[in-house]
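Have a look at the model first, and then we can walk through it together.

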Amino acid sequence: MAESFNLLGRNMYDLDDYTAEEITAILDAAVVMKEINQRDYKKLPTLKGKTVCTLFVENSTRTKISFELAASRLSADLISFEAETSSLQKGESLQDTVETLNAMGIDLYIIRHSSPGSPQLVNKYSGKPVLNGGDGRHAHPTQALLDMFSVREVLGTLKGLKVVIVGDITNSRVVRSNLIGMKKMGASVTICGPRTLVPGHMEEVYGCTVEYDLKTALKDADVVMGLRMQLERQTEGLFPSLEEYSKHYSISKETMQWAKKNAIVMHPGPMNRGIEILPEIVESSQSVIIEQVTNGVAVRMALLFLILGGKMG
Ligand code: CP
């Protein structure tokens, strides 16, 4: 199980710091963790004595709970920092917050924050490994890992696949981490959305293909991933209306006919059903959206295990 790859003490700010071999080692470890999660007794003693802190300063359901479940399944002590009831509300800085937590003996932090670069700051203030649970529009590497795990589980490999990511590309940290990770793993990624929601120079920066027409983008797709339409940005006039957006970019049974017959449908969540994705396709056999959530626990267990140096058995 990934013994030749030493991830001990590593940070995970994004996937650009990880090689394809290291990503494969994490995904392989997650296969073992998933098998453990399917047992009646789901707990391992492997991180007994270690303390993990989820420092979420932005809202989350999936990432926070799956990391907390992962820590708990590996028998680590867990500190679930509640931003809303913390002294951040009294004006305490992130630096003082981290130094305070650190004084209590945290071994690893997982941070979600609206500011890109906040994971690096937490590492600077704590000197402890930090996993990025989503920093602004920048990166969400553990989401990309669980997405890659889910693709590999169903389709066997990422190598040679065509992955199409559709939606609000500008505001998505998920797309950026997936572009880095999936390319390293040998997939070709096409991004698709209205011109107003696709930043310039994506081809040059990420080596992806950009399409503005959904039918063209979906041709020969093996994997189709929808992204959350950020409803709060609707008033900015980036597209005429939600109905208009949905008409041209919604993932549905009809539009999935433009992809390969056995193509899978993904979404990182949370979803706006009826806008970027229709309920009929969410609930269809092509969808792996619920499996993505399940796999998130296994992938995050694997990461905690490898970075905190847990021993099996
Ligand atoms: N996909 C994702 O990051 O979901 P949460 O915001 O619920 O964590």
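Which element gives the most to the lining of the second largest pocket? That is helix H12, with eight residues. Please keep in mind that this is a predicted model.

**The largest pocket**

- The space in this pocket comes to about 570 Å³.
- Its lining counts 24 residues, and those closest to the centre are Arg112, Arg173, Arg228, Gln230 and Pro270.
- Helix H2 (62–73) and helix H6 (173–184) each contribute at least two lining residues.
- By class, the lining of the largest pocket holds twelve polar, eight charged and four nonpolar residues.
- The largest pocket lies between domain 1 (15–139 + 293–307) and domain 2 (141–291), because both give residues to its lining.

**The second largest pocket**

- The volume here is about 330 Å³.
- This pocket is lined by 23 residues, and Arg62, Ile289, Ile290, Gln292 and Val293 are the closest to its centre.
- Two or more lining residues come from each of H2, helix H5 (141–155) and helix H12 (289–308).
- Eleven nonpolar residues, eight polar ones and four charged ones make up the lining of the second largest pocket.
- Domain 1 (15–139 + 293–307) and domain 2 (141–291) each supply at least three residues to the lining of the second largest pocket.

Key
Residues are numbered from 1 along each chain as its sequence is written. This is a predicted model: local features need pLDDT of at least 70, side-chain atom pairs count only at pLDDT 80 or more; totals for chains, interfaces and linings use all residues. Side-chain values use heavy atoms; hydrogens and water are left out. On a 1 Å grid over the protein atoms alone, a cavity is a set of points where a 1.4 Å probe fits but cannot get out, and a pocket is an open set with protein on both sides within 12 Å along at least five of seven lines; lining residues have an atom within 4 Å of a point. Grid points are joined across faces, edges and corners, and a volume is the space filled by probe spheres set on the points. Helices (H or I, at least four residues) and strands (E, at least two) are DSSP runs, numbered from the N terminus. Ala, Val, Leu, Ile, Met, Phe, Trp, Tyr, Cys and Pro count as nonpolar, Asp, Glu, Lys and Arg as charged, and the others, Gly among them, as polar. Domain bounds come from an automatic or database domain assignment.
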